[in-house]
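Kindly read each point alongside the coordinates.

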Amino acid sequence: MQYPATHLVVMGVAGSGKSTLAAALSRQLGWACAEADEFHPEANIAKMTQGIPLQDEDRWPWLQEIRDWISAQAAAGKSTVLTCSALKHSYRALLSQAGGRVVFLHLDGGADLISQRMQGREGHFMPPTLLPSQLATLEPLTQEERDAGSLRLDIARSPEELVAAVVNALKLPTGQAPQAS
C-alpha cells in the first residue's frame, strides 16, 4: 500500500516524554527521528539555559527551519518522527504547511508528574523553572486538529501503550518505510 510521506510531530511541554515516545515510534515504524532542539540557534539555547523563556520572535525562525526540514524529507518520499513542543496553534499551523501529512501527537498530563520527570533528567538545557511558562503558553489541540487525525495522549500511560495507541489510531504499518505516492 502506498501513502504520502507522514510526519508524526510529538508535541508537549518539556518533560512530557517527547523524546522517549519519538524514539519508540521511530523504532516501531522504521522512520527517521529528529529532535526539534537540534534546530535551535545558539541564542535560543543560551536563553533557555539561563532560564529565560523564548518569545515568538525567537521561535518563528526555528519553526520555519523545522517546517523546511519536514518538507525536504517529504520531497524525498520519507516519513519521519519529530519532537517539537509546538505549544501554540499558530506554531502547529506553520508546521502543517510542510509537505506530506503532518500529524500532531500531544503528550498531555499533570504538572506534578511532568515536574517530577524534569527533576530526574540530566544533561538537558531546559531547567524545570521554565515549566510554568511552558504550561501557560500551551494551547491544546483544537477540534479541527483532532478531526484531521492529531491525537491527545495521556502521559500516565507507558511508552509501549502510547506507541500501540498511535499505530492503531492512525492505522500505520510497522517495520517498513512508506513509499511516496
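1. Which residues does arginine 92 touch, not counting residues up to four places away in sequence? In this predicted model, arginine 92 is in contact with Met11, Ala86, Leu87, Phe104, Glu139, Pro140, Leu141 and Glu145.

2. Arginine 92 lies in helix α4, which comprises residues 89-95. With a relative accessible area of 1%, arginine 92 counts as buried, because the cut-off for that class is under 20%.

3. In helix α2, the residues Asn44, Ile45 and Met48 are buried. Viewed down the axis of α2, the buried residues fall within an arc of 100°, and therefore line one face of the helix. Helix α3 (56-75) is included in what covers these buried residues of α2.

4. The other side of α2 carries Glu42 and Ala43, both of which are exposed.

5. Is asparagine 168 buried or exposed? Asparagine 168 belongs to helix α8, which spans residues 159-170. Its relative accessible area is 55%, so asparagine 168 is exposed, the cut-off for this class being over 50%.

6. The last point is a distance. Asparagine 168 and threonine 6 are 162 residues apart along the chain, and their C-alpha atoms are separated by 15 Å.

Technical notes
Residues numbered from 1 in each chain as written. Predicted model: local features only at pLDDT ≥ 70, side-chain atom pairs only at ≥ 80, totals over all residues. Heavy atoms only, no water. Helix = DSSP H or I, 4+ residues; strand = E, 2+ residues; numbered from the N terminus. Buried < 20%, exposed > 50% of the residue type's maximum accessible area, 1.4 Å probe, protein only. Contact = heavy atoms within 4.5 Å. Arc of directions from axis to C-beta.
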